[in-house]
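Trainee: Could you please take me through this chain?
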Amino acid sequence: MRFTFNRGIWEDSNSLPEWQDNEDFSDYLMRIGYSTVKSIFGHEHGSQIEIYESSDGRSFYASVCPSGSAVYEVLLPDFPSLMMFIREYATAFSSESSNFSQQEILNLLEKFFQLYHGHPARSICPKCDPAGWEENVRTREERRKKRKATS
Ligand SMILES: [Zn+2]
């Protein structure tokens, strides 16, 4: 699926030669005159946008993978188109990926907490949250008193 994004206007095709079935992606880039050096927005194993620059630096090529499988090729014919494309779309992919890495770090920390402290990170005990624990004890005590008073 090939598109052109020309200064904010989407077109349904592009002027680049087709990528052959058995052709290596880096061979393809070199054949169409693009450098294999890329900037990546997004996550390696999730949604991501890769951007390549033509050898003369005049145009750009974005390979967009929104879900981790299907890839959309977008020709960005000049620098203003590149800038608009990054502003409109690439930043969204970046922030999505930073959410993803934060979630991964959080999961890892929770595993460590459980391992070294002995209970899940989402519950508390007098050791890891003394103030919160005291608060719990106090509310429980108050509830008990109220129940006694009403019975
Ligand atoms: Zn604890």
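Mentor: We shall go from the elements to the overall form and then to the strand pairing. This is a predicted model, in which local features need pLDDT of at least 70 and side-chain atom pairs count only at pLDDT 80 or more, while totals for chains, interfaces and linings use all residues. Residues are numbered from 1 along each chain as its sequence is written.

Trainee: How many helices and strands does the protein chain have?
Mentor: There are 3 helices and 6 strands; helices (H or I, at least four residues) and strands (E, at least two) are DSSP runs, numbered from the N terminus. Their order from the N terminus is β-β-α-β-β-β-β-α-α.

Trainee: Why is the protein chain said to be more spread out than a compact globule?
Mentor: Its radius of gyration is 27 Å, well over the 15 Å that the globule rule gives for 151 residues, so the chain is more spread out than a compact globule. The radius is taken over C-alpha atoms, and the rule is 2.2 Å times the number of residues to the power 0.38. Along the principal axes, the C-alpha atoms fill a box of roughly 80 × 35 × 25 Å.

Trainee: Turning to pairing, which strand pairs with β4?
Mentor: Strand β4 (residues 48-54) pairs with strand β5 (residues 60-65) in the antiparallel sense over 6 bridges; pairing requires that DSSP finds at least two bridges between two strands. The bridge partner of Glu50 is Ser63 in β5.

Trainee: And which residue takes a positive phi in the hairpin of β4 and β5?
Mentor: Gly57 does, near 70°, and this hairpin has 5 residues between the strands.
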